[in-house]
Amino acid sequence: MDAASDALKIGDMSDFKFLKGSEDWWRQAVVYQIYPRSFADSNGDGIGDIRGIISRADYLKSLGIDAVWLSPHYPSALADGGYDVDDYRNVDPRLGTLEDFDEMIEQLHRRDIRVIVDIVPNHSGSNHVWFQEALRSPKGSPARDRYIFRDGKGENCEIRPSELVSHFGPTAWTRITEPDGTPGQWYMHLFAPEQPDFNWDNPEVREDFLKTIRFWSDRGVDGYRIDVAHALTKNLANGHLPERTGYDLSLVKHDGSDDLFDRDEVHEIYASWRKVYNEYDPPRVAVAEAWVHANRRARYASTEGLGQSFAFDLLGTPWNKKRFHSTIDYQLKAAAENGSSTTWVFSNHDVIRHATRFGLPESALSNLPAWYRSADREKQINVELGFDRARAATMLVLALPGSTYLYQGEELGMQEPLNIPSEQMQDPQWFRSEGSISRDGCRVPMPWTSTGSSFGFGPGGAHLPQPAWFKDVNVEVQDKDGKSTLNLYRNALRIRRDLLCAEEIKWVKHPLAADVLHFKRPNGWQCVTNFGTKPFKLPKGQILLATKDVVDGKLPANATAWIK
Ligand code: NOJ
Ligand code: CA
């Protein structure tokens, strides 16, 4: 590694394959996740849309990101925030048209920002033409075979086919009414009833998804995020039906033979997608959302498969140096073994924002639903601590090899908006788990301005209520403040772009400062994070960035600095 570093000149990356325009652009990309319905609303109907994204293209450019990832933009009944797709090759009319989509691609590409879209292959929405056709068609018909229909048990088939539980709570089976009005078969849905699971043994299903990825690739989409990538193939042959109560990764077999998840043959599907991705120039990229044992993740990230797979480990990691150290070490090694690059992520549309998580006591973090339900949940948050740690944590991963996924609003250091009245909640998980936890907080529409209707989200209201404190936490305020989190992110991404180098790190040990995590990149770029409580004397060098003021050469607790 040191020999490589000698050869490297900062600012001269001509030898590196991840340069803009190359096929390896994704390896160390910063990807900004947009939840389209909550980003920017162009027409005042309270729902963010594609023209809203276009109107913020310069803002996206100002961040210095390499790509955006859009959560589903397809027609949907919104039973699960768009992850119930009714038409995979169209745009939700509330979000715009295909022409708007094309213009968005053009506007973002013009600004050197690539576009990743969500593919939801485990299930469709229940208004999908295929599911509607299946409901109209008789038992045993080809139309039913595209989904997972089974007879119920009991004399009148009134007992559900198995005890399988959905990820959102209660059963994973729903009974239909047959076209003649009689109670009929049952269909499987690992998520909400409005999300019937596809039968991936059916060749038509396979063909249709190839058509979908070609459709969007032809329109210029650069990459894909694959929803529940581990669940597509299931062991349902010869009348076998899995009996499982709830999703618990520790119960999933990790030898590829589990009935429901992470089965070996799922990779045949991704190999066929890879062939299509590679027909394009540059090849399209993909990242798997695969909740699998860490040692099985590499299969999804292989070059014959999707190429990258989310490392979600930091989503649950408390503010603890040892835990960060071991997680990072493991991820880097695992990615290197199969030629992939790792992904870092702290926040997305499914989890409590990390500025809030890092302000919680560890006991709350280890059981977020219990914390979420507790009457004093807000009192348990140390807002300042969460804010400091979130900034420090993000700057830490931005210095690591691999790509980083940022979630809209985190660049404002935003806390989780928590006081959404239950009658305004939208998340099916909230309803189906009896108010256990809701993902609506992290989906509250973006605040752009201090005043005005919906804090600049759009000319009308917002589809989820925004908290009053958005008057202080918004793009307008932070844009003007050189020390804001927004400008910290912008600076970091600008500096990072110049410093990117070979995907290696070397840990630097500090035996007398057990809570300090310190590593060097081959070109001398160093990152120091202070997980402890006392200030830490920084090594010599130019301080490029610090998440808290460095006083007398010392990095305060809960802070990260970059040095060169
Ligand atoms: C994962 C998505 O991130 C989540 O939002 C969704 O509810 C499930 N997959 C089901 O599609
Ligand atoms: Ca709108």
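The structure is a predicted model, in which local features need pLDDT of at least 70 and side-chain atom pairs count only at pLDDT 80 or more, while totals for chains, interfaces and linings use all residues. Residues are numbered from 1 along each chain as its sequence is written, chains are lettered from A and ligands numbered from 1 in the order in which they are written, and side-chain values use heavy atoms, with hydrogens and water left out. Helices (H or I, at least four residues) and strands (E, at least two) are DSSP runs, numbered from the N terminus.

- Strands of a sheet pair through backbone hydrogen bonds, either parallel or antiparallel. Here two strands pair if DSSP finds at least two bridges between them.
- Strand 1 (residues 30-34) is largely enclosed by the rest of the structure, because five of its five residues are buried. Buried means under 20% relative accessible area, exposed over 50%, and partly exposed in between (1.4 Å probe, protein chains only).
- In a regular strand the side chains alternate between the two faces of the sheet.
- Both faces of strand 1 are covered, with V30, Y32 and I34 buried on one side and V31 and Q33 buried on the other.
- Strand 1 pairs in the parallel sense with strand 11 (residues 403-407) over four bridges, and V30 stands opposite T404 of strand 11.
- Strand 1 also pairs in the parallel sense with strand 2 (residues 67-70), over four bridges. In this pairing V31 stands opposite A67, and Y32 stands opposite V68.
- Strand 2 likewise has both faces covered: A67 and W69 are buried on one side, and V68 and L70 are buried on the other.
- Strand 2 runs parallel to strand 3 (residues 114-119), to which four bridges join it. L70 stands opposite V117 of strand 3.

- One open sheet has five strands in the order 12-13-14-18-16, with antiparallel pairing. Its edge strands are strand 12 (506-507) and strand 16 (543-546), each of which pairs on one side only.
- Within this sheet, strand 14 (residues 526-530) and strand 18 (residues 559-563) run antiparallel and are joined by five bridges. C527 has W562 of strand 18 as its bridge partner.
- Another open sheet has three strands in the order 4-6-5, and its pairing is antiparallel. Its edge strands are strand 4 (149-150) and strand 5 (173-177), each pairing on one side only.
- Strand 5 pairs with strand 6 (residues 183-188) in the antiparallel sense over four bridges, and T177 stands opposite P183 of strand 6.

**Helices lying across strands**

- Axes are lines fitted to C-alpha atoms, for helices over the stretch in contact, and angles run from 0 to 180 degrees between N-to-C directions. Contact means heavy atoms within 4.5 Å.
- Helix 10 (residues 321-337) lies across strand 12 and strand 13 (516-520), and runs at about 30° to strand 13.
- Helix 17 lies across strand 16 and strand 18, and runs at about 145° to strand 16.

**Helices packing on helices**

- Helix 14 (residues 383-398) and helix 17 (residues 485-499) pack at an angle of about 10°, with their axes 11 Å apart. The two helices are therefore roughly parallel to each other. Angles under 35 degrees count as roughly parallel, over 145 as roughly antiparallel, 65 to 115 as roughly perpendicular and the rest as oblique.
- The contact is made by F387, R391, T394, M395 and L398 of helix 14 and by T485, L488, Y489, A492, L493 and R496 of helix 17.
- The axes of helix 7 (residues 203-218) and helix 8 (residues 266-277) come within 10 Å and cross at roughly 30°. Their contact is made by R206, F209, L210, I213 and R214 of helix 7 and by E268, I269, S272, W273, V276 and Y277 of helix 8.

**The loop residue H463**

- H463 is found in the loop between helix 15 (428-432) and helix 16 (475-480).
- With a relative accessible area of 21%, H463 is partly exposed.
- Leaving aside neighbours within four places in sequence, H463 is in contact with R37, S38, G46, I47, Q426, R443 and P445.
- H463 and T233 are 230 residues apart along the chain, and their C-alpha atoms are separated by 35 Å.
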